[in-house]
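Subject: Structure handover

Hello,

Here is the structure I promised to pass on. Please open it alongside this note; my findings follow below.

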Amino acid sequence: MSRDTARRVALAAQGFADQPPRGDVTRRHLLRTLSRTKLLQLDSVNVAVRAHYMPLFSRLGAYAPELVDTAAWSHRARQPRLLVEYWAHEASLIPIEDWALLRWRMREYGGAWRRRSRELLERSPELVNDVLAAVKDLGPIGAGALERELGGGERQGRGPWWNRTDTKRVCELLFAMGELTTGTRRGFERLYDLPERVLPAHVLGHEPEDDEAIRALVERSAHALGVATEPDLRDYYRLSPSQSQQAVAQLVEEGVLEPVSVNGWRQPAYRHSAARIPRKVTGRALLCPFDPLIWERSRAERLFDFHYRIEIYVPEPKRKYGYYVFPFLLNGELVARVDLKADRAAGVLRVPGAFAEPGSDLGEVVPELAAALRDMASWLGLDDVVIGDRGDLAKPLRAVTR
C-alpha cells in the first residue's frame, strides 16, 4: 500500500470523506461521527475552544455545542444520554455502551499511574465511605462542595486526613474505579454522581471477559484508524503492548484485520476489513491538537510528513509556532498550521501566527485557510478574525481577511 493510499484510508476512517450535512446538524450526525472517531478527548485548555467540541466541527461544520452537552451530561427523558466519561485515550467521552469494555481498567484503579491512590483505601476507608454516602445523598456534586459538606457542621473533626487534596484524590480514585461517574458538568467542573443514576441497567449489568473487552477496543481502534501499526492501535485506548498484540493476532485470525505493508513505514500495518479507500479526499478542516486524526504524533508524521508537537508547556521564547496550534487539512493534506486564540472579550478570533508547510501552494492555501478561520469565528460567535505578525502566511492572510 502506498503512503497516499494509507492516508486516504485513514481520512475516510475518521469521517473526512463523508459528505457534510446540508442542513442543521442533529444527533444523527453526532452518532455518525462518533461511529468514526469512537470517542472525544476531554481537555481543560479553553484558549480557543475545548477539545471535545472541535472534532465535530472539523467533520460536520457549524453546529450547536449543546448537542454534545446534551449527549454527554443531560438527564432529559426525551433525549437520553449517549456519552459517558472515562479514561479511554485520555479523559474522554465514550459511547455509553463502551463503558463496560473498560471495567478491567476500573479494577486497576484507572491505570498504572493511578494505582498509587489505592493507599487512600487502606489508610482512610472511612473517607471513601463518606464520599460515596455524600454523593448518594447530594449528587451530582463537585469535589469542592463535597469538601465543604464533609468538613463542616456535624462532620467537623472527623480526622486529620480530611483536606481538599484528599477530597479531590478520593473523587478521582472512585471515578477511576467506576464507583463514581460524571453526572453533569458546571462550566468545566465535573459533578460526581453514582453510575446507577447515570447509566442504564443493561450497561451496568454487562461485564465482558477482559480478553473479549480488549479485543473489542482494538477492533474499534482499527475501525477508527483504517490502517495502522500495532502501536497505533494500542495508543487509541492506551492499552499495554501485551494486551494489544494478543488482540491483534486474534483479529487477524478472525479476518477482521488484514496485514499490509505501507511504503515508508518501518513497522507492519493492519487494515480493517471494512476500511474504505476513497479515490480522493476533498474539503478543508482546522484540527485541534487533540483530534484523533493527529493525536499520535509519529502517525501524523508517517501519514502526512507533518512534524507536530503541542507547545503549551514550552516557554514562550522557545516556541516555534505558538501556544495552541491547529493544523490545517486541505484536500487530504496537512498544508499549514495556525496558532489560535478566541478573544471573547473583544469578539475576535486571534491568529498570532500562521505558517505554511513546505511545498504548499499558497495561492490555494491562503483563501481556503481564510475561509476556514472565518467559519470557525462565526461558529464561536466571534465577529472577526485578526491576523498577527508571525509566520509566512500572516501577511497574505491579512490581505484577504480585511
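One salt bridge is counted between domain 1 and domain 2. Arg7 and Glu333 form a salt bridge, with their closest N and O atoms 3.1 Å apart. Bear in mind that this is a predicted model.

Now the layout. Domain 1 is made of two stretches, 3-80 and 204-272. Domain 2 covers 309-401. Their C-alpha centres are 26 Å apart.

**The interface**

Domain 1 brings 14 residues into contact with 15 residues of domain 2. About 1300 Å² is buried between the two domains. Carbon and sulfur atoms account for 71% of that area. Which residues of domain 1 lose the most area to domain 2? They are Val47, Ala48 and Phe57, which together make up 42% of what that side buries.

Polar links are there as well. Six residue pairs are in polar contact between domain 1 and domain 2, counting pairs with both residues at pLDDT 80 or more. On the domain 1 side, α1 (3-13) and α3 (54-60) each supply at least two of the residues that touch domain 2. By class, that side has twelve nonpolar residues, one polar and one charged.

**Backbone points to check**

Most residues other than glycine have a negative phi, and most peptide bonds are trans.

- The peptide bond from Gly139 to Pro140 is cis, with omega near 5°. Pro140 sits in the loop between α7 (125-138) and α8 (143-151).
- Lys38 is not a glycine, yet its phi is positive, at about 75°. Lys38 lies in the loop that runs between α2 (27-37) and β1 (40-41).
- Asp305 also has a positive phi, near 55°, and is a residue other than glycine. Asp305 belongs to the loop between α14 (297-304) and β10 (325-330).

Are Lys38 and Asp305 buried or exposed? Lys38 has 13% relative accessibility, so Lys38 counts as buried, the cut-off being under 20%. Asp305 has 52%, so Asp305 counts as exposed, the cut-off being over 50%.

When you go through the model, I would start with Arg7 and Glu333 at the salt bridge. Then turn to Val47, Ala48 and Phe57 on the domain 1 side. The cis bond at Gly139 to Pro140 can follow.

Best wishes

Terms used:
Residues are numbered from 1 along each chain as its sequence is written. This is a predicted model: local features need pLDDT of at least 70, side-chain atom pairs count only at pLDDT 80 or more; totals for chains, interfaces and linings use all residues. Side-chain values use heavy atoms; hydrogens and water are left out. Domain bounds come from an automatic or database domain assignment. Contact means heavy atoms within 4.5 Å. Buried area is the accessible area (1.4 Å probe) that two parts lose on being put together, summed over both. A salt bridge is a side-chain nitrogen of Lys or Arg within 4 Å of a carboxyl oxygen of Asp or Glu. A polar contact is a pair of N or O atoms within 3.5 Å; within protein, one must be able to donate a hydrogen and the other to accept it, and residues adjacent in sequence count only if both atoms are side-chain atoms. Helices (H or I, at least four residues) and strands (E, at least two) are DSSP runs, numbered from the N terminus. Ala, Val, Leu, Ile, Met, Phe, Trp, Tyr, Cys and Pro count as nonpolar, Asp, Glu, Lys and Arg as charged, and the others, Gly among them, as polar. Buried means under 20% relative accessible area, exposed over 50%, partly exposed in between (1.4 Å probe, protein chains only).
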